[in-house]
Amino acid sequence: QKTAYEISLGLVGSEMCIRDSKKRDADKAKAFADRAKKAGYKNPQDYANVVARYGSEENMKKGKGLGT
């Protein structure tokens, strides 16, 4: 059986992991918004919709849509 101290250490580690993943997600969202702005889109959602039609940003750059 674990002691309260051992359990609290595990919680601290998981909280750090959650905090780090939230920061990483925020960084990814900012990078995506920056790419959208650089591509000339006013709204990252518009960019996301166009990317979705192509299947990926890489396909979009190559001009290859889904089904081509």
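A search of the whole structure finds four salt bridges, a salt bridge being a side-chain nitrogen of Lys or Arg within 4 Å of a carboxyl oxygen of Asp or Glu. The model is predicted: local features need pLDDT of at least 70, side-chain atom pairs count only at pLDDT 80 or more, and totals for chains, interfaces and linings use all residues. Residues are numbered from 1 along each chain as its sequence is written, and side-chain values use heavy atoms, with hydrogens and water left out.

**Fold and surface**
- Along the sequence the pattern reads α-α-α.
- Of the 68 residues, 9% count as buried; buried means under 20% relative accessible area, exposed over 50%, partly exposed in between (1.4 Å probe, protein chains only).
- The accessible surface is about 5,800 Å², and 56% of it belongs to carbon and sulfur atoms (Shrake-Rupley method, 1.4 Å probe; for residues, only the protein chains shown count as cover).

- K23 and D27 pair through their side chains at 3.2 Å, N to O.
- These two residues sit four apart in helix 1 (residues 4-38), so about one helical turn separates K23 from D27.
- K23 is exposed at 52% relative accessible area, while D27 is partly exposed at 42%.
- K30 bridges to D34, with the closest N and O atoms 3.3 Å apart.
- K30 and D34 are also four residues apart in helix 1, which puts about one helical turn between them.
- K30 is exposed at 52%; D34 is partly exposed at 40%.

**The link from helix 3 to helix 1**
- E57 and R35 form a salt bridge at 2.8 Å, N to O.
- E57 lies in helix 3 and R35 in helix 1, so the pair ties together parts 22 residues apart in sequence.
- R35 is partly exposed, with a relative accessible area of 34%.
- Helix 3 spans residues 57-62.
- Beyond four places in sequence, E57 is in contact with F32, R35, Y47 and V51 (contact: heavy atoms within 4.5 Å).

**Nonpolar core**
- The largest nonpolar core has five residues: A36, Y47, V50, V51 and M60.
- Such a core is a set of buried Ala, Val, Leu, Ile, Met, Phe, Trp, Tyr and Cys residues joined through side-chain atoms within 4.5 Å.
- Helix 2 (residues 44-54) gives the most to this core, with three residues.
- Y47 touches F32, R35, A36, A39, Y41, E57 and M60, leaving out residues up to four places away in sequence.
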